[in-house]
Each structure stands twice: as structure tokens, then as C-alpha cells.
Amino acid sequence: MIFYVVILATLSILLISSWLLESNMPVIIMGIIMIVTAGLRYNTGFDYDSYHMVYSEIANGTTLSSITPHFESGFMMLNWCAIQLGISFNLFLLFFSGLTLGLLTLFLVKLNDPELASMALYYYFVRFFFTRDMGQIRSSFAAVVCLFAIRSMIREKRYRAILLVLLASFFQKVALILLVTFVLVYLTET
């Protein structure tokens, strides 16, 4: 528990630093701390065992279609690719955390508002980090991809938005609900 309190205190200092310096560098450091924390966990998080079991089954040669519980195809293929590259499960978690939280940090930095970015990442840590990045890693990744899809839709890059939602759905099917939103937005614009 002390470990997480120290991380929260460190993120608090970085949040204030971002405001005082009006810089995204503390935001990037916050993202790196969160990547390392989520990526280097061991036997932590309520989905850790099921993800580890799936990874082990794929490594032992079980076909993707016969693994139970069966996850979305994008996540299963990413597991398979990591195994083919000889990556351990722990390194896979670090890679997946880097991908998810790296994209989230990039999204926030691109807002060009360090105060908002640092506050959003801090809020994410307090509200979502333990359930998403320390547990339901597929939904965390899908949510971040959907953020990019929403930004694409706002910028009227509809095909990119649709492709991003489809990508997110390969990791969490519920992302497809965003397509309904896009249709409603399109219908109200015309």
C-alpha cells in the first residue's frame, strides 16, 4: 500500500510541476511512471490470472479458438505474436501497458494544454488505473483508441474514426457502440 501512496504523492508533485512550469514534460514523466507501475506488476489485478492463463495456453500450443475464456481476436493475436517473438508474459504486460498508457499520454500531450493534460492523467490514475491498467487491460486499450476515434470524428475524418473504432473492437467489442454515436452525429449534421 505504501508503494501506491508514494506513486500518488509523486504524481501530485508532477501535477503541480506541470502547472507551475506550463510544460508537458511532467505529464510525460507521469505517463512513464504509470507504464512502469502497470507493466511491472506481478500477480496483481483481478484479471491477471486469466490473462496469464491464456498466455500460457497459447505458449503451450493451444489453438486460439479453443482457449477458454476466449477474448477478442485482436488481443488473442497480440498474445500469439508476443509468444512467437519469445516474449515472456511479464514483458508482454510491460509492452501492453506502454502501448495503452503511452497512447493516452500522447493524446493528452497533443491537447497542448499541460494543466489539463496533467489533471486528466492524474484523474485517470485515481479513478481508472487500478481497474483498467492493473486489471482489464483490453478495455483500457480500447478506450484510449476510442479517444483518438472521437478526435478524428470531431475533425471530420470519418473513415479514420470508423477504422479506429473497429480496431478498438478487436480488443473490446463494446467499442462498437461508438459507431452508433457517429451515425447519430452524422444524421444531425445533415
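A residue is described here as buried when its relative accessible area is under 20%, as exposed when that area is over 50%, and as partly exposed in between, with a 1.4 Å probe and protein chains only. The structure is a predicted model, in which local features need a pLDDT of at least 70 and side-chain atom pairs count only at pLDDT 80 or more, whereas totals for chains, interfaces and linings use all residues. Residues are numbered from 1 along each chain as its sequence is written, and side-chain values use heavy atoms, with hydrogens and water left out.

Helices are DSSP runs (H or I, at least four residues; for strands, E, at least two) that are numbered from the N terminus. Aromatic contacts were examined through the rings of Phe, Tyr and Trp (for Trp, its six-membered ring), which pair if their centres lie within 6.5 Å, and which count as stacked when the planes are under 30 degrees apart, as edge-to-face when over 60, and as tilted for the rest. By this criterion the structure holds 21 aromatic pairs. One of them joins Tyr-51 and Phe-71 in a tilted arrangement, with 5.3 Å from centre to centre and 45 degrees between the planes. Because Tyr-51 lies in helix 3 (residues 48–59) and Phe-71 in the loop between helix 3 and helix 4 (73–84), this pair ties together parts that are 20 residues apart in sequence. Both Tyr-51 and Phe-71 are buried.

Phe-92 and Phe-96 also form a tilted pair, with 5.9 Å from centre to centre and 40 degrees between the planes. These two residues are four residues apart in helix 5 (residues 89–109), so about one helical turn separates Phe-92 from Phe-96. Phe-92 is buried, with a relative accessible area of 1%, and Phe-96, at 1% relative accessibility, counts as buried too. Ring pairs link a cluster whose members include Tyr-51, Phe-71, Phe-92 and Phe-96, along with Tyr-42 and Phe-171.

A nonpolar core is a set of buried Ala, Val, Leu, Ile, Met, Phe, Trp, Tyr and Cys residues joined through side-chain atoms within 4.5 Å. The largest such core has 54 residues, of which Leu-11, Met-34, Phe-75 and Leu-101 touch the most other members. When residues up to four places away in sequence are not counted, Leu-101 touches Met-34, Ile-35, Ala-38, Tyr-124, Phe-129 and Asp-133, where contact means heavy atoms within 4.5 Å.

A search of the whole structure for disulfides (pairs of cysteine sulfur atoms within 2.5 Å) finds zero. As for the cysteines, Cys-81 is partly exposed, with a relative accessible area of 34%, whereas Cys-146 is buried, with a relative accessible area of 11%.

In helix 6 itself is found Ala-120, which counts as partly exposed at 27% relative accessibility. Ala-120 and Thr-105 are 15 residues apart in sequence, and 9.6 Å apart in space from C-alpha to C-alpha.
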